[in-house]
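Here's a quick briefing on charged side chains and how they pair up. Have a look at the sequence and the fold first.

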Amino acid sequence: MRDRLEDIGREMRRNGVLVQTDANSDTFLDVPRTNHDLVLFSDVINAIPLVTSREQLFFPLGRTPDGKDIFKNLKELPHLLVGGSTGSGKSVFLYTLLCSILKTHPNANDCQILLSSSKREDFVYFEGLPQLVEGRVFADAEEMAEL
C-alpha cells in the first residue's frame, strides 16, 4: 500500500508529498496544496476544547482540507519537535501554543511555564506574565539546568 501511494505522489509531480500512518487509521497520502489558506488564531481560539483539569494543555495544531480544526493536548506530545526553514511559521506556532495554554490556564496557580530561548527577543511579549517562572524568559543554559 505504501509503495503505491509513493508512486501516486511521484506521478502527481508534487513536492512535499507525505505518506504516513496516523494512529488508529490506515496509511494515507498527504498532498500539499498549491495554494495555502490562512488560519487565524482568532478563528480557533474559542474552539479550543474545554479544559477540565490542570494537566490538559490543548492547543490548535492545524486545519484539515475540509476545514476541521485539529487540537492536541501537549501532555500527549512531550517530545514535540518544531522545525522548518526561516519564515515558515515556527515562532508563530510557538506563540499560538503558549497563548492557548495561557487562555485555558489563566491562573498562575494552575500552570507554571519555564520558558527558555537563546533568542530572548522572540518571546519578549511574554515577559512579566505570572505563569512564567520568575516572570521572565531564560536565555542562559546553565541557569535553566539549575531550575
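Predicted model: local features only at pLDDT ≥ 70, side-chain atom pairs only at ≥ 80, totals over all residues.

Residues are numbered from 1 along each chain as its sequence is written, and side-chain values use heavy atoms, with hydrogens and water left out. The structure holds four salt bridges (a side-chain nitrogen of Lys or Arg within 4 Å of a carboxyl oxygen of Asp or Glu).

**The Arg63 pair**
- Arg63 bridges to Asp69, and their closest N and O atoms sit 2.7 Å apart.
- Arg63 counts as partly exposed because its relative accessibility is 33% (buried is under 20% relative accessible area, exposed over 50%, partly exposed in between, with a 1.4 Å probe and protein chains only).

**The Arg136 network**
- Salt bridges link Glu134, Arg136 and Glu143 in a network.
- Arg136 pairs with Glu134, with 3.2 Å between the closest N and O atoms.
- Arg136 also pairs with Glu143, where the closest N and O atoms are 2.3 Å apart.

**Exposure in the network**
- Glu134 has 56% relative accessibility, so it counts as exposed.
- Arg136, at 22% relative accessibility, counts as partly exposed.
- Glu143 also counts as partly exposed, with 26% relative accessibility.
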